[in-house]
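I opened the model to look up a few local features and kept notes as I went. The entries follow in the order I made them.

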Amino acid sequence: MKNVILNNGTEIPEIGFGTWQTTEGVQKTVKIALDAGYTHIDTADIYGNEAEIGEAIEGSGIARKDLYLTTKIWNSNRSTQGVKRSVEQSLKKLKTDYLDLLLIHWPANEKQFENWKEINAETWKAMEELYRSGVVKTIGVSNFMLPQIKALLETAEVIPAVNQIEFHPGYVQQTVVDYCKEKGIAIEAWSPIGSGRLLKDEDLKDIADKYDVSPAILCIQFCLQSGVIALPKSENPTNIYNNLHFERFKISESDMKSLKTLEETGFSGLNPETVDF
Ligand SMILES: NC(=O)c1ccc[n+]([C@@H]2O[C@H](COP(=O)([O-])OP(=O)(O)OC[C@H]3O[C@@H](n4cnc5c(N)ncnc54)[C@H](OP(=O)(O)O)[C@@H]3O)[C@@H](O)[C@H]2O)c1
């Protein structure tokens, strides 16, 4: 598997294992993923599964240095003390003494907070301190749209390395992607398969058939070919394996265009600028 080089010189595997809303027991699915060869795991404080992931990693016997762990600061911890407390707890649950990547899960937005810029700036400052201390190797954001990312860059001393956003066929948030790329901020795709909603899309299925791949694999290749890190989630051992080990292929330019402009059948409905959580 290829690594993507981030703006601080660190490397991140181009495919990571998603762990949100795992119903079968995340310890089991992460064990399957680690056995299948995933080295990059995406979690978050709010998923409530860091302790189980820590158990799965410990049980795997894989050296910590051979894994890439991402977690995220939840909205209730958007403060200097909140960030520190959250990271201490995440480290304990994940049974590790450092994080590869720490993200602000969702920005404070204008709809909810008059002082949204200050809240995000304070959260980021606390993350910069953890970055400088070495306990977090890379820092980034998630769900930052143009107003939030531009505002953050006004005061940031460390440029975020990553913006993890919803990205999949039919929903590519091109202006955010273009702006981040221009600033050297890598994009990670959350819900690369639209949380499974895209699997029912007939137009996507027709394109997948042309390449003799499943719709899920087409979605993952679509991310990689767009220069975007993909975080597919699965609880099915065969799908878990295939999502990492499929033979890379080239989607034609015209099919890439069709995938970008597909109907928004996979969209989550979540707009970071208006969500009320
Ligand atoms: N930063 C954020 O705010 C945010 C928000 C949402 C998600 N995320 C991250 O992004 C990750 C992925 O997003 P997601 O969990 O929404 O889901 P997803 O990866 O877009 O889709 C998962 C769905 O696709 C199915 N699937 C996966 N591989 C398949 C395959 N090869 N063939 C057929 N079906 C397949 C899964 O079913 P099976 O289990 O049956 O395979 C499941 O129903 C999350 O787990 C989380 O880590 C982050």
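I counted two residues as in contact when heavy atoms lie within 4.5 Å. The model is predicted, and I took local features only at pLDDT of at least 70 and side-chain atom pairs only at pLDDT 80 or more, while totals for chains, interfaces and linings use all residues. Residues are numbered from 1 along each chain as its sequence is written, and side-chain values use heavy atoms, with hydrogens and water left out.

**Entry: Asn49**

I looked up Asn49 and found it in the loop between β4 (40–42) and α2 (50–60). For these labels I used DSSP runs numbered from the N terminus, with helices (H or I) of at least four residues and strands (E) of at least two. Leaving aside neighbours within four places in sequence, Asn49 is in contact with Thr19, Val26, Thr43 and Ala44. I called a residue buried under 20% relative accessible area, exposed over 50% and partly exposed in between, using a 1.4 Å probe and protein chains only. Asn49 has a relative accessible area of 6%, so I noted it as buried.

**Entry: Leu153**

Leu153 sits in helix α5 (residues 146–155). Its relative accessible area is 19%, so Leu153 also goes down as buried. With neighbours within four places in sequence set aside, I listed Ile159, Pro160, Tyr179 and Lys183 as the contacts of Leu153. I also checked the C-alpha distance from Leu153 to Ser214, which is 39 Å for a separation of 61 residues along the chain.

**Entry: α3 and α4**

How do the axes of α3 and α4 cross? Helix α3 (residues 80–94) and helix α4 (residues 116–133) have axes that come within 8 Å and cross at roughly 45°. I read the pair as oblique because of that angle. The contact uses Thr80, Val83, Lys84 and Val87 from α3, and Glu122, Thr123, Ala126, Met127, Glu129 and Leu130 from α4. I sorted these contact residues into 5 nonpolar, 2 polar and 3 charged. For that sorting, Ala, Val, Leu, Ile, Met, Phe, Trp, Tyr, Cys and Pro count as nonpolar, Asp, Glu, Lys and Arg as charged, and the others, Gly among them, as polar.

The axes are lines fitted to C-alpha atoms, for helices over the stretch in contact, with angles from 0 to 180 degrees between N-to-C directions. Under 35 degrees counts as roughly parallel, over 145 as roughly antiparallel, 65 to 115 as roughly perpendicular and the rest as oblique.

**Entry: aromatic pairs**

I searched the whole structure and got 8 aromatic pairs. Rings of Phe, Tyr and Trp (its six-membered ring) pair if their centres lie within 6.5 Å; planes under 30 degrees apart are stacked, over 60 edge-to-face and the rest tilted. Trp74 and Phe277 are stacked, because their ring centres are 6.1 Å apart and their planes are at 10°. Trp74 is in the loop between β5 (68–73) and α3, and Phe277 in the segment after α10 (253–260), so the pair ties together parts 203 residues apart in sequence. Trp74 is buried at 18% relative accessible area, whereas Phe277 is partly exposed at 34%. Trp74, Trp106, Trp190 and Phe277 form one aromatic cluster.

**Entry: α8**

Is helix α8 (residues 215–225) largely enclosed or exposed? In α8, 10 of the 11 residues are buried, so the helix is largely enclosed by the rest of the structure. Those buried residues pack against β9 (186–190), α7 (202–210), β10 (229–230), α9 (237–245) and α10. After α8 comes Gly227, with a positive phi near 75°.
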